[in-house]
Amino acid sequence: MKKCPDDERRELLLGNCAENGKLCMERCAQSMIAQIKEKAGTGKVLLALSGGVDSSVAAALLSSAIGRNLNCIFVDTGLMRKDEGDEVEKAFGGRELNFVRIDAEGRFLSKLAGITDPEAKRKIIGEEFIRVFEEEAGKIGAVDFLAQGTIYPDIIESGLDGAKLVKSHHNVGGMPKNIDFKEIIEPLRLLFKDEVRELGAVLGLPAHLVHRQPFPGPGLAIRVIGEVTKSKLDTLREADYIFRDEVAKAGLEHSINQYFAILTDINSVGVTAGARSYGGIVALRAVVTENFMEADWARLPYDLLNQTAQRITSEVDGVNRVVYDITGKPPGTVEWE
């Protein structure tokens, strides 16, 4: 089977920046900064900054390479976790990154109205991101490059260059064909997640950013199964917050690589306040992994699962059942959609 160009580039990266068969992140950082300088020159770059690990590391690289020519745009899609928009602004708003926060909840929910297919959701979100960035670039003036925190698993799972499609990542397979930028800069394109974290540490990013659990670009839109609505998102935000809060109380937030709640599109019969209820089902997902290409389900303590389920069913309106996903990757993916 023919290798895709990114496989060949990764082999070249390993050849140039490795020591004893493993990537040397100091060399990687120097090489990537030099490549960004060469490509961007004196041009302005607009970075899609989500506040996650990948885009944060990309911001550090780009800032080192081009300084004030970097413009970081955080698009608040309304698909974020509870209080996340404010947390991202607090983390990056005070830095010298030309940070701008865009309130785009209305336009994203409008585009997603009536859409239930996961691939369609991803492609709609990917295109809408680009349109927002194009509008912001027009306000800045003469922005040549769009930068993204795309990583190697995004490329593999999006089925590019003849690989089998698993899911279209919004920043890869979900990208529209026509964009108003001269070129896209993706400095992390050849790295796995664990390597991105190592690079972030080398670049001096704080530990809470480097070790933050991943959050998908499409956000909660792919954790709400079926049509995405404001009310469903609010329900999921509360359930997800409770789960993350209980994991933190148990002191397990650093031993689980990713954990979150999913709002299914199934209702079930239950008993609420002594009477019959017909409410939604929330699924919990927690995994341990090294590179996110494969993952195992986390063996969470029963007391933690019990406390989480009790809180969700008593504190979140419209939910009367909680289940726990014990599927590995493969055959499942980490996300449900």
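## Sheet and helix packing

Helix 3 (residues 53-66) lies across strand 3 (44-48), strand 4, strand 6 (143-147) and strand 7, and runs at about 165 degrees to strand 3. The model is a predicted one.

The strands under discussion belong to an open sheet of five strands with parallel pairing, in the order 5-4-3-6-7. Strand 5 (99-103) and strand 7 (183-185) form the edges, each pairing on one side only. From one strand to the next, the twist averages 30 degrees. Strands of a sheet pair through backbone hydrogen bonds, either parallel or antiparallel.

At one end of the strand order, strand 4 (residues 70-76) pairs with strand 5 in the parallel sense over five bridges. Val-75 has Ile-102 in strand 5 as its bridge partner.

A second topic is the contact of helix 5 with helix 6. Helix 5 covers residues 105-112 and helix 6 covers residues 118-140; their axes come within 10 Å and cross at roughly 145 degrees. The crossing of helix 5 and helix 6 is right-handed. The residues that meet are listed by helix below.

| Helix | Residues in the contact |
|---|---|
| Helix 5 | Arg-107, Phe-108, Lys-111, Leu-112 |
| Helix 6 | Lys-121, Ile-124, Ile-125, Glu-128, Phe-129, Arg-131, Val-132, Glu-135 |

The residues of this contact divide into six nonpolar, six charged and no polar.

Terms used: Residues numbered from 1 in each chain as written. Predicted model: local features only at pLDDT ≥ 70, side-chain atom pairs only at ≥ 80, totals over all residues. Heavy atoms only, no water. Axes fitted to C-alpha atoms, helices over the stretch in contact; angles between N-to-C directions. Helix = DSSP H or I, 4+ residues; strand = E, 2+ residues; numbered from the N terminus. Left-handed = near helix turned anticlockwise from the far one by under 90°. Contact = heavy atoms within 4.5 Å. Nonpolar A, V, L, I, M, F, W, Y, C, P; charged D, E, K, R; others polar. Pairing = 2+ DSSP bridges.
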